[in-house]
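Let's take a friendly walk through some side-chain contacts. Please have the sequence and the 3D view open as you read.

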Amino acid sequence: MGLLDRLERGIEKAVHGVFSTGSKGQVQPVEIASRLRREMDHQAFAIDQGRTLAPNVFEAHLSDTDFERARGWGQPLAEELCDVAVKHARSQGYTLQGPVRFTFRHDASLKGGEFEVVSRTEKGAPRPNIPAAPSRQPVQLSPVLEIDGQRYSLNADSVVLGRSSEADIVVDDTGVSRRHIEIRTESGTAYAVDLGSTNGSYVNGQRVSGSAELRDGSTISIGRTKIVFRLLPAPRGGNA
């Protein structure tokens, strides 16, 4: 089965028999397809060595009766004809400067069965110049401890918590040793280090043996006191 036969059969199926073969005084889809290819060949021209530019926008001018028949089924037929143009361009090595479009136009000067196919070259719409999104500065996070509703900033690489008044953060809890736990920061990572406490230290329910890495939201338990480790955005112009 040739290309024209396949086109005609495909279009007839799409438009449910409109433009059926054999009707006198009516334009047939296969005729439009043939005229479209001839129009591309006639209007194609070489733009440099190895490149030939062909039109990509087409209009079929139809008589009153043919236009009325085409208007109701124009989209399926137009899509089929666009495919014909694309395939013909590939087979001939033509260059198209934009997407293929095919439309039908009414021409009162034409009689039934008469039609014209005109074409032009049209570049595809340029991409809009969308400005790049402004880059965001990385957010600096500041480690803090939340204890009984109070927040303590960890501004030093080593912060000791305990019941002693000499501890960096005093915890008023009889189950807490005088120097109970140290929050140590190394290379940007915080660790909980038990300092040989009597009752031990726990991070997320696990007893600390040596040290345990802390992450945002980690819960530290010493005695009856619950401590939450947080990483919060540092205020601009200074530390928390």
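## Aromatic rings in the interior

Phe58 and Phe102 are both buried. This is a predicted model, and in it the two residues form a stacked aromatic pair, with 6.4 Å from centre to centre and 25° between the planes. An angle under 30 degrees is what makes a pair count as stacked. Phe58 belongs to strand β3 and Phe102 to strand β5 (residues 101-106), so the pair ties together parts that lie 44 residues apart in sequence.

Phe102 has another ring partner in Phe104: the centres are 5.4 Å apart and the planes meet at 65°, so this pair is edge-to-face. How accessible are these two rings? Phe102 has a relative accessibility of 6%, so it counts as buried, and Phe104 is buried as well, because its relative accessible area is 13%, where the cut-off is under 20%. Together, Phe58, Phe102 and Phe104 make up one aromatic cluster. The count for the model comes to 2 aromatic pairs.

## A charge over a ring

One more aromatic ring deserves a look, this time for its charged neighbour. Arg35 sits over the face of Phe115, at 4.1 Å from the ring centre.

## Salt bridges

Side chains of opposite charge can pair when their charged atoms come close. In this model the count comes to 10 salt bridges. One of them joins the side chains of Arg120 and Glu59, at 3.7 Å from N to O. Arg120 is in strand β6 (residues 115-120) and Glu59 is in strand β3 (residues 57-62), so this pair ties together parts that are 61 residues apart in sequence. Buried or exposed, where does Glu59 fall? With 16% relative accessibility, Glu59 counts as buried, whereas Arg120 is partly exposed at 37%.

Glu146 and Arg151 form another salt bridge through their side chains, at 3.0 Å from N to O. Glu146 counts as partly exposed, because its relative accessibility is 22%. Arg151 reaches 54% and therefore counts as exposed, the cut-off being over 50%.

Arg215 and Glu213 also form a salt bridge, and their closest N and O atoms are 3.6 Å apart. Arg215 is exposed at 56% relative accessibility, while Glu213, at 39%, is partly exposed. Elsewhere, salt bridges with shared partners link Glu59, Arg101, Arg105, Arg120 and Glu122 into one network.

Where does Ser218 sit? Look at the loop between β15 (211-214) and β16 (219-222): that is the place of Ser218. Ser218 has a relative accessible area of 6%, so it is buried.

A polar atom of the Ser218 side chain lies 2.9 Å from the backbone oxygen of Arg215. Arg215 is the residue whose salt bridge with Glu213 came up above. Which residues does Ser218 touch, not counting those up to four places away in sequence? The answer is Val203, Asn204, Ile227, Val228 and Phe229.

Technical notes. Residues are numbered from 1 along each chain as its sequence is written. This is a predicted model: local features need pLDDT of at least 70, side-chain atom pairs count only at pLDDT 80 or more; totals for chains, interfaces and linings use all residues. Side-chain values use heavy atoms; hydrogens and water are left out. Helices (H or I, at least four residues) and strands (E, at least two) are DSSP runs, numbered from the N terminus. Buried means under 20% relative accessible area, exposed over 50%, partly exposed in between (1.4 Å probe, protein chains only). A polar contact is a pair of N or O atoms within 3.5 Å; within protein, one must be able to donate a hydrogen and the other to accept it, and residues adjacent in sequence count only if both atoms are side-chain atoms. Contact means heavy atoms within 4.5 Å. A salt bridge is a side-chain nitrogen of Lys or Arg within 4 Å of a carboxyl oxygen of Asp or Glu. Rings of Phe, Tyr and Trp (its six-membered ring) pair if their centres lie within 6.5 Å; planes under 30 degrees apart count as stacked, over 60 as edge-to-face and the rest as tilted. A charge sits over a ring if NZ of Lys or CZ of Arg is within 6 Å of the ring centre and within 35 degrees of the ring normal.
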